[in-house]
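Q: I should like to learn how to read the features of this structure. Please take me through them in turn.

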Amino acid sequence: MNEKLVLHEIDTIFISYDEPNADKHYSHLLNILPWAKRVHGVHGSDAAHKAAADASDTNRFVLIDGDNITDNEFFNLQLNLDKDNKDCVFRWKARNHINGLMYGNGGLSSWTREFVQNMRTHEATDGSVETQVEFCFDPLYWPMYDCYSTRSEERRVGKECRS
C-alpha cells in the first residue's frame, strides 16, 4: 500500500488556550488555508489534542499550536505513506524566535484521530507503566527534519511561563 498524503487536503486544526498572539497567528493561518479549524480554551494538552481529533473530519489531520506562525510552504508538502508509516505521527521542527534554535516540541504535526484518541500523556495516566511514558517515545512518533514554523512567544501557565 502506497498512498500520497497531501497536507493541504486534510483538516488543519489550530489549538490555542491563552497564547497572547493566538488570534493573530490564526488569522495568518486562515490567509494561507482559509478552511483551517480552531479549538480554543480546552484546558490541558491531552484534552486539547483529543478535542482537535474530534474536530477533524479527516482521519489524519495537521495540528498547529497557538504560539506558532506557520510558513506558507508547509502546505505544499506531500508525504509518501506506506505500511511502515501510515499510522505515524509526523512532527516538524519549530524555530525559537529568541535564539533561532530548532526543535520538534511545539512544531507542526500530523496525527491520526485514532492515535490521539488512544494516547495517554502524563496528564491522563492511570498510573500504570504503559501510560507513564510520553507519546513522543512511541515508535509511531516520527520526528521530521525540516522546519516550517516559528514559535513566537512563551506560553503562560498560571503566573509562570514555560517555553
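Q: Which residues on the other side of H1 are exposed?

A: Exposed means over 50% relative accessible area, buried under 20%, and partly exposed in between (1.4 Å probe, protein chains only). Helices (H or I, at least four residues) and strands (E, at least two) are DSSP runs, numbered from the N terminus. In this predicted model, Asp23, Lys24 and Asn31 are the exposed residues there. Ala22, His25, Tyr26 and Leu29 of H1 (residues 22-32) are buried. These four lie on the same side of H1 because they cover an arc of only 100° around the axis, taken from the directions from the helix axis to the C-beta atoms.

Q: Against what do the buried residues of H1 pack?

A: They pack against strands E2 (11-16), E3 (37-40), E4 (60-65) and E5.

Q: Is Thr70 buried or exposed?

A: Thr70, in strand E5 (residues 68-70), counts as buried because its relative accessibility is 3%. A contact means heavy atoms within 4.5 Å. Not counting residues up to four places away in sequence, Thr70 touches several residues, including His28, Leu29 and Tyr148.

Q: How confident is the predictor?

A: pLDDT is its confidence in each residue, from 0 to 100. The protein chain averages 87, and 85% of the residues score at least 70. Over residues 156-163 the pLDDT is below 50. Where pLDDT is low, the predicted coordinates should not be read in detail.

Q: What conventions apply?

A: Residues are numbered from 1 along each chain as its sequence is written, and side-chain values use heavy atoms, leaving out hydrogens and water. Local features need pLDDT of at least 70, side-chain atom pairs count only at pLDDT 80 or more, and totals for chains, interfaces and linings use all residues.
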